[in-house]
Amino acid sequence: MRIRRAYRTELDPNQVQRERFRQHAGVARWSYNWALAKKKSALDQGSAVPSSYTLQRELNQLKKSTHAWLYDTSKAVPQTALDDLDVAFRSFFRGRGQGRRVGFPHFKSRKRSADAFRVTGVIRVFGRHVQLPRLGKIRLKESEYLPMQGVHITAATVSERAGRWYVSLEVQQEIVVPINNGAAVGIDVGINRLATLSDGSVVPNLRPLERTQRRLASAQKALMRRRPGSQNRAKAQKRVARLHARASNLRRDQLHKLTTQVTKTKSLLVIEDLVPALMVRNRHLARALSDAAFGELRRQLEYKAHWYGSRILVADKFYPSTRMCSKCGALNDVPLSTRVFTCACGLTMDRDLNAALNLLAVAASSADTLNACGENVSPFAEWRSSEKQEPKLPRVALEDGRSSTGKTPLSAQVPLR
Ligand SMILES: [Zn+2]
């Protein structure tokens, strides 16, 4: 099977290369903003929105006359920036069509947007270096991670985070998907530990990550106390950004270990839907962090499941995996502070393990409703009605067969029986 994947690793650029990176990122940002202004004004005038292809030709004309400085960077930089903007526009319009909330593409500012650019063309990997068009050989912090052969490299994205530079190579590669005979497993993702599996194994949060998260929390508090615009605030901001980057790197590494292990050894993985279960459970401090972790976990599971012949089942978002007793099915409200789930039927169990077992039960109950990919099946639709936060209004049938929750004028309703 031919797959597309990315390899990301840290670069070790010298001072000159850092300057060149910033220059490339500046060109990417400028091109993006220039094209966005063009598209916006077309929208305002009610005319057709120019595509990246049209704008690319216009940009080439500018390059020959007033904007000769664009020659200083790889020609792929404005090109890919314009393509990215097209993608942003498409997802905005598609999202609006589907009623989702996708923001309108906004202008990138030097302060608020991270430095990043993407290049295509001849990209090569050597033991300790990566070679990029117009930028030459750049030293890698870690050798032997990027693939040197057996892959076709299509693009490279260079980006900065908290003073460090990273490269992400997009590659196409041929893989053999193994036959996966592993068992099914329910995975509960938590705050106190990273994950609890229905087979009883637990994956704790790593100490360095916990320590970094604690330091991040206090750095954020310190930032709040600094006067806006002051030197000290800028310093505090840098510290927060650095800790944030470190925490997310640590978390990503940790998640990679977990997701590789479970997709390799289990044939079916049942996870909960992100909303609203986690939101409710994580009302306090770690919420943003674990929400992000959950999104990353799911992303990694989805692509690795393809590589290792495993399947993913996402439980319906109203499925009460944390509240339900895994033995008798009764619903109990267990306060967040309690780590142990207890039920009138006599069950006493770690609450996360109970949740993982409930997720595993989804696999058993939906074995025959799985679709071909095994994804996004919602076998527990009956939970929806009891979980909705709407006031309980009598449901009345309208003459045309639609139903209403009582918001329609009485004249439009037929009498209740
Ligand atoms: Zn019970």
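Among contacts in the protein chain between residues at least 6 apart in sequence, 64% join residues at least 24 apart, where two residues are in contact if their C-beta atoms, placed from the backbone, lie within 7 Å. This is a predicted model, in which local features need pLDDT of at least 70 and side-chain atom pairs count only at pLDDT 80 or more, while totals for chains, interfaces and linings use all residues. Residues are numbered from 1 along each chain as its sequence is written.

The protein chain has nine helices and 16 strands, taken as DSSP runs numbered from the N terminus (helices: H or I, at least four residues; strands: E, at least two). Of its 417 residues, 27% are buried, meaning that 20 or more other C-beta atoms lie within 10 Å of a residue's own, against 12 or fewer for exposed and values in between for partly exposed, with C-beta atoms placed from the backbone.

Ser 267 lies in the loop between α5 (231-265) and β11 (268-271), and it is partly exposed, with 19 other C-beta atoms within 10 Å. Although Ser 267 and Asn 181 are 86 residues apart in sequence, their C-alpha atoms are 6.0 Å apart in space. Leaving aside residues up to four places away in sequence, Ser 267 touches residues including Asn 180, Asn 181, Ser 310 and Arg 311.

Helix α4 (residues 207-225) has Leu 209, Thr 212, Gln 213 and Leu 216 as its buried residues. Seen down the axis of α4, these fall within an arc of 100°, so they line one face of the helix, the arc being that of the directions from the helix axis to the C-beta atoms. The face turned away from the buried side of α4 carries the exposed residues Arg 207, Arg 211, Ser 218, Lys 221 and Arg 225.
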